[in-house]
Amino acid sequence: MNLQRLAINDEGFIFDPETGNSYTVNKTGLFIIKFLKEGKSEEEIVKALSEKFDVSEEDARRDLVDFMEQLRLYGLLEGENV
Amino acid sequence: MYRVAVSGINAVDNPGPGVGIAKGLKEGSLEVSVYGLAYDAMEPGIYMKWLFEKSFIMPYPSAGEEAFIERLLYIKSNYGLDAVIPALDAELPLFIKSSSLLESYGVKTFLPTEEQFKLRGKDHLPKIAEKIGVKVPETRIVTSYEELNKALEELGFPVMVKGIFYEAYKAFNISQATSYFNSIVSKWGYPVIVQQVISGEEMNLVGVGDGEGGHLGFLAIKKLWITSLGKTWTAVTVRNDKLFSLAESFVSNFKWRGAFELECMVSGSDVYLIEINPRFPAWVYFAAGVGVNLPERLLKAALGLDPERDWNYPAGKLYVRFTDDLVTDISQFQQVVTTGES
């Protein structure tokens, strides 16, 4: 997964050492990326999101799918689904 | 103390590499005195005495080999000169041709051969691609409207229209392509290069080939901010294995000697070679700044010393170019104008 090579700081600044691109993410994005990097499944992340941010699993899943689509668009995530 | 002359000290909006080279040399381990070679009394490097102890106005390379060599030998006999690092495209053929002669007078260079230098022509890219197994954009070399139209039909739009050495435009239709073709022909002559547009990340790599298939270090960057003239003002170091293997293949296949810059497009897992420059780029100080002092390594190679070869620089180092100013006396300018040196 391309995510593994990313340098991520606690403020949500992300640097890709292979392409030189940098990105910023908010707290939620940072939360998701850290879980993805750890190889957590979509279901695990949905549960964690729902607990941490006090939203329904349905909302959490929708946001997660959305965010992962963004990551794919930037070439940071490969494949269809984790 | 080594005395080394560096050209390209025109630190203007289209900056030459000379100031960056001099900064690298000054920060290195060798004790050096750097001389600036200029073509105009207004070149800012002349006035940067902390980098260039002395500067000399050179005859244009078009004035011929004799006048050029004579000027270098004048510097040698009056002030001492151990090596020259030329940094401008227009001078390179002359320096390459005269390198043995200069060497016989004790002035060292570390330059590509005439054959290697010719590879920089964009019309050679497809041949290079074949030899080193790298992708290049689909390229057509055209010398007439008929050929231009045929190339446009084959490649479609948008398309790049380029001079063989300088200038490049993106054309979105036939009338734009024809107008760029005419403008390039009137400035640079034939042939004109018509090239497929590759989308992806633009990355550049600077290196020094050792002439035996190895190299003295690479540095790869992604440009973050360029000026309207396309000059790098902000950049970040990257470590991209595909780019490194392309550069290694280039150096080992052509046994490249001296400085070079590769301009590439990285598109997913593909790396396309867009251009080869047979000299240091203007941002070469970036390499010295992250511990890969390519200007000094090249100087060491020229002097027959053993240069370092490590290039384990970190990704994520930032390069910021800025403009600066200084105040001096008109007498400095007068001296350059009247005596040709300062």
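A polar contact is taken here as a pair of N or O atoms within 3.5 Å; within protein, one atom must be able to donate a hydrogen and the other to accept it, and residues adjacent in sequence count only if both atoms are side-chain atoms. The structure is a predicted model, in which local features need pLDDT of at least 70 and side-chain atom pairs count only at pLDDT 80 or more, while totals for chains, interfaces and linings use all residues. Residues are numbered from 1 along each chain as its sequence is written, chains are lettered from A and ligands numbered from 1 in the order in which they are written, and side-chain values use heavy atoms, with hydrogens and water left out.

In chain A, Asp16(A) occupies the loop between strand E2 (13–15) and strand E3 (22–24); helices (H or I, at least four residues) and strands (E, at least two) are DSSP runs numbered from the N terminus. With a relative accessibility of 1%, Asp16(A) is buried (under 20% relative accessible area, with exposed over 50% and partly exposed in between, for a 1.4 Å probe and protein chains only). Its side chain forms a polar contact of 3.3 Å with the side chain of Thr19(A), and another of 2.7 Å links the side chains of Asp16(A) and Arg5(A). Beyond residues up to four places away in sequence, Asp16(A) touches Arg5(A), Leu6(A), Asn21(A) and Leu76(A), contact meaning heavy atoms within 4.5 Å.

Also in chain A, the axes of helix H1 (residues 27–37) and helix H3 (residues 57–73) come within 11 Å and cross at roughly 75°. H1(A) is therefore roughly perpendicular to H3(A). Axes are lines fitted to C-alpha atoms, for helices over the stretch in contact, and angles run from 0 to 180 degrees between N-to-C directions; those under 35 degrees count as roughly parallel, over 145 as roughly antiparallel, 65 to 115 as roughly perpendicular and the rest as oblique. Gly29(A), Ile32(A), Ile33(A) and Leu36(A) of H1(A) meet Leu64(A), Phe67(A), Met68(A) and Leu71(A) of H3(A). The residues of this contact comprise 7 nonpolar, 1 polar and no charged (Ala, Val, Leu, Ile, Met, Phe, Trp, Tyr, Cys and Pro count as nonpolar, Asp, Glu, Lys and Arg as charged, and the others, Gly among them, as polar).

In chain B, helix H2 (residues 65–79) packs with helix H3 (residues 92–104) at an angle of about 55°, the axes being 11 Å apart. H2(B) and H3(B) are therefore oblique to each other. Residues of H2(B) in this contact include Phe68(B) and Leu72(B), and those of H3(B) include Phe95(B) and Leu101(B). The contact of H2(B) with H3(B) divides into 7 nonpolar, 1 polar and 2 charged residues.

Glu341(B) lies in the segment after helix H11 (330–339) of chain B and is buried, with a relative accessible area of 7%. The side chain of Glu341(B) makes polar contacts with the side chains of Tyr74(B) (2.6 Å) and Tyr79(B) (2.3 Å).

Val208(B), in strand E9 (residues 201–210) of chain B, is buried at 0% relative accessibility. Apart from residues up to four places away in sequence, its contacts include Phe110(B), Phe260(B), Phe280(B) and Leu298(B). Leu88(B), in the loop between strand E4 (83–85) and H3 of chain B, is partly exposed at 22% relative accessibility.
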